[in-house]
Amino acid sequence: MKNPINTIVVLLAVLLAQTAGAQKIILGAGGGYATFGMEDSKAFNRSVQNRLPFSPVLTDNFPDWYYYQAEALYSFPGILAAGLKLSAASTGSRLHLADYSGEYTFDNLQQVWVPGIKLLVGKAPGRRSGPCFSAEGGMAFSTMTLDETAVVYEEHAGEHLEFKARGFYVQPGLSYLQYVGEYLIVSANVSWYQGFESGYYKKGSSNQKITNTETGEKVKPGWNGLRAGIVVYWGINLE
């Protein structure tokens with residue numbers, strides 16, 4: 001997952017190989033805006049604030065942000081289109097305090113890569129304009145990077161930690177596909193992402209979980225939320 005371009009190419013190549021005799025394939029790329037719950041991560045930030053002998057300001061707290069996606073779908077004759085999808089999103093937070101004596105910063109950056117299978121059900125999706133129901137499911141791979149730095153009278157201290165989490169997701173939704181040319185299709189989408197991921201563990205050591213020191217509970221990714229965006233497809237006729 002370190003190189004999203006290579007991953008997208010592999011996914012597209014697999015679908016093309018499996019549907020070499022198909023009549024129509026649609027390749028899409030797009031993105032949109034996502035909301036994130038991030039309840040565990042926000043509670044973790046509060047626990048960090050409470051354990052410090054000073055009061056840093058929370059300048060960012062996992063804001064909603066953009067997501068990006070790529071798809072390769074085979075449009076079956078009838079009511080179904082199916083294929084592969086890859087999407088990615090990120091968000092983060094920062095605790096910060098600075099005065100004459102020094103500066104403190106605590107950054108929490110989280111990212112997720114989501115490869116899965118996508119279905120469109122409607123009136124000839126990918127072959128004509130119209131509304132469709134969408135259903136997605138697959139794996140979710142999240143990372144969390146913590147960077148804590150402190151500077152006091154020119155004395156520097158810091159810590160860098162990396163964590164990972166994995167699980168699966170489902171994402172039901174609605175789409176409207178509109179042909180704007182012989183091969184070009186534009187789709188407006190709205191859906192709900194629901195993840196089922198385990199807690200974050202230290203990179204290279206799955207036994208070392210990160211927990212909230214106040215509650216003792218594991219910190220899990222919180223990507224659940226609304227997704228609304230646009231995908232532009234290019235249709236390939238193989239007849």
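This is a predicted model: local features need pLDDT of at least 70, side-chain atom pairs count only at pLDDT 80 or more; totals for chains, interfaces and linings use all residues.
Residues are numbered from 1 along each chain as its sequence is written, and side-chain values use heavy atoms, with hydrogens and water left out.

Secondary structure elements are DSSP runs numbered from the N terminus, with helices (H or I) of at least four residues and strands (E) of at least two. Burial was assigned from relative accessible area with a 1.4 Å probe on protein chains only (buried under 20%, exposed over 50%, partly exposed in between). By this criterion S41, A43, F44, N45, S47 and V48 of α2 are buried. The cover over these buried residues includes β2 (57-61), β4 (80-99), β5 (102-122) and β6 (130-152), where contact means heavy atoms within 4.5 Å.

S75 belongs to strand β3, which comprises residues 65-75, and is buried with a relative accessible area of 0%. When neighbours within four places in sequence are set aside, the contacts of S75 are K24, L80, A81, P125, G126 and R127. To one of these residues, P125, the side chain of S75 also extends, reaching the backbone oxygen at 2.6 Å.

Side chains of opposite charge can pair when their charged atoms come close. With a salt bridge defined as a side-chain nitrogen of Lys or Arg within 4 Å of a carboxyl oxygen of Asp or Glu, the count comes to five. Among them is the pair R51 and E148, with an N to O distance of 3.5 Å; since R51 lies in helix α2 and E148 in strand β6, this pair ties together parts that are 97 residues apart in sequence. R51 is partly exposed at 47% relative accessible area, while E148, at 18%, counts as buried. In the salt bridge between E136 and K85 the closest N and O atoms are 2.8 Å apart, and, with E136 in strand β6 and K85 in strand β4, the pair ties together parts that are 51 residues apart in sequence. Both E136 and K85 are buried. K203 likewise forms a salt bridge with E162, with the closest N and O atoms 3.3 Å apart. This pair ties the loop between β9 (201-202) and β10 (205-209), which holds K203, to strand β7 (residues 155-179), which holds E162, across 41 residues of sequence. K203 is partly exposed at 44%, and E162 is partly exposed at 31%.

Cavities were identified on a 1 Å grid over the protein atoms alone as sets of points where a 1.4 Å probe fits but cannot get out, lining residues having an atom within 4 Å of a point. Residues lining the largest cavity include Y67, Q69, K85, V112, V114, Q171, Y193, W223 and R227. Strands β3, β4 and β5 each supply at least two lining residues, and the largest share, four residues, comes from β4.

Methods. A polar contact is a pair of N or O atoms within 3.5 Å; within protein, one must be able to donate a hydrogen and the other to accept it, and residues adjacent in sequence count only if both atoms are side-chain atoms. On a 1 Å grid over the protein atoms alone, a cavity is a set of points where a 1.4 Å probe fits but cannot get out, and a pocket is an open set with protein on both sides within 12 Å along at least five of seven lines; lining residues have an atom within 4 Å of a point.
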